[in-house]
Amino acid sequence: MNDPRRYVVIGGGLAGLASAVWLAEAGKQVTLLERRGRLGGRTHAMRVDAVDDLPDNGQHVIASGYDHLFRYLTSIGTREFVAFPHHATLRWPDGRHATMATKGIGALRTLFGAHPDASLLDRLRAARATLRLGWQCLHQPADLADLTTEQWFQRIGMPATAREALWDWLALGVAAEPVQQESAKVLAGVMATGIRLGIKHRQPATIGYPTTDLDTLFITGAETVFQRHGVEVRRRAVARRIHIVDGVVTGVALADGTVVPADAVVCAVPNSNVGGLLDELPEHAEIYAAADKLGYTPIVSTNLYLDRPLGTTSQFEALIGGTGVIDEVFDRQRMTGRNTDKAWLYCLTTSGAYQQIHKTNEAIVAEQMELLRRYYPAAADAKVIQGHVVRMPKATFSQVIGTHGLRPDQRTSVPTLVLAGDWTATDWSATMESAVQSAAKAVDQLLALPSVL
């Protein structure tokens, strides 16, 4: 028997796309509302006309434990566009570098002392501290939520060389916050999930990357699914409030005064945009308060088109030591096989970019080029053909001390209204996997509802 209910998904980011795809696959009548003119949210490509290229709005990496993300990519037919090289490069000023391996004996060497200046004693201390860290991830101390990641590292005796070479960089990548303010609970939770998934899949966690642009990876295939299943996609549809009558969703009011009829709603918007949507939900005040307390973390991504190669040795490299902010450099030639007739493209990502976010494009490009020249000798005479800066002041929710336990569940007191988004409660931090896992949880709850409420 066909389900006559009308399912509305608010938000066309990853959480909303996955929700709409999986509801459509289940045979539901779906309408997707997106306030902007494009889909993808914080994961999309952006054309740079000056060089006729299509870089991403920010480079993303993908962990091997992203089971829900792989399910989504399989649903839309793009799973093949993710590669796992099992290694990356850690690079220091003056050109020194080390390999960060994620498989085999090399992975142990990375965990226990990848720093080129690490002494034998440093490596032994790093091995002991790493084992202690792993144990505490799985058996978390009661006060972990009250510690910064830096305080946790200090308490377990992680030596400075190991922190510089790996752990501070890894923690920044997990939570997009410097270790001096990031909650230790976040890193512990993500690592615990990674350890458990590694045991489940009988392989250690590793890091991969997209081999194509983000539109192709996340959006184009979803649009094909929508066409196949008759999903209505309404762009520039700004949702203002979800209407609820007698504990049942009835529709979604838009900014233009119209109402989209709905029998069930997935509210898949970032914490920065949820205000007002849930006013008719009994517990809206608590959800709004949590959304406000979670706050925002800025990320700046810079696409640098250069007249020559930098001399990278991996698809992505971490710039370690003395930068103030640990940056990552992504070699788009190695990642996607792009043509270099016009320029070489390198994407630099700065997480927790509190200082950088307010600078001019020119200042950011100059700063990034100065940084590259410290790490890559080949950059000394390199010229910038085009600089493309993407500021994301509200890139994701903040994961500092005091935010543990704030993320709301997907389930609400109204059975036909569920929440989705990376800021809702999942096994991961602010990642693509968190967004898509939240969608899976939200959709499962709606699909479990009886045919007649």
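This note sets out numbered points on a predicted model.

1. Basis of the values. Residue numbers run from 1 along each chain as its sequence is written, and side-chain values use heavy atoms, with hydrogens and water left out. The model is predicted, so local features need pLDDT of at least 70 and side-chain atom pairs count only at pLDDT 80 or more, whereas totals for chains, interfaces and linings use all residues.

2. Helix α1. Helices and strands here are DSSP runs (helices H or I, at least four residues; strands E, at least two), numbered from the N terminus. The expected span of a helix is 1.5 Å times one less than its number of residues. For the 12 residues of α1 this gives 16 Å, and the end C-alpha atoms are 16 Å apart, which agrees. A residue is called buried under 20% relative accessible area, exposed over 50% and partly exposed in between (1.4 Å probe, protein chains only). Because 11 of the 12 residues of α1 are buried, the helix is largely enclosed by the rest of the structure. Among them are Leu14, Gly16, Ser19, Val21 and Trp22.

3. Helix α4. The 19 residues of this helix (residues 120-138) should span 27 Å at 1.5 Å a residue, and the end C-alpha atoms are 28 Å apart, which agrees. Its buried residues are Asp122, Ala126, Ala127, Ala129, Thr130, Leu133, Gly134, Gln136 and Cys137.

4. Aromatic pairs. Rings of Phe, Tyr and Trp (its six-membered ring) are paired if their centres lie within 6.5 Å; planes under 30 degrees apart count as stacked, over 60 as edge-to-face and the rest as tilted. The count comes to 7 aromatic pairs. One of these is formed by tryptophan 22 and tyrosine 72, in an edge-to-face arrangement with 6.4 Å centre to centre and 85° between the planes. The pair links distant parts of the chain, since tryptophan 22 belongs to helix α1 (residues 14-25) and tyrosine 72 to helix α2 (residues 67-76), 50 residues apart. Tryptophan 22 is buried, with a relative accessible area of 2%, and tyrosine 72 also counts as buried, at 0%. Elsewhere, Trp152, Phe153 and Trp167 form one aromatic cluster.

5. Charges over rings. A charge sits over a ring if NZ of Lys or CZ of Arg is within 6 Å of the ring centre and within 35 degrees of the ring normal. Arginine 71 lies over the face of tryptophan 22, at 3.8 Å from the ring centre. Likewise, the charged end of arginine 79 sits over the ring of phenylalanine 70, 4.3 Å from its centre.

6. Backbone angles. Aspartate 52 has a positive phi of about 50° and is placed in the loop between β2 (29-34) and β3 (62-63). Alanine 176 has a positive phi of about 55°; it is found in the loop between α6 (160-175) and α7 (184-201) and counts as buried at 7% relative accessibility.

7. Separations along the chain and in space. Tyrosine 305 lies in strand β13 (residues 297-306) and is buried at 0% relative accessibility. Tyrosine 305 and alanine 382 are 77 residues apart in sequence and 10.0 Å apart, C-alpha to C-alpha. Valine 186, in helix α7, counts as buried at 15% relative accessibility; its C-alpha atom is separated by 8.5 Å from that of valine 400, 214 residues apart along the chain. Threonine 258, in the loop between β10 (248-254) and β11 (259-261), is partly exposed at 36%. The C-alpha atoms of threonine 258 and phenylalanine 397, 139 residues apart along the chain, are separated by 31 Å.
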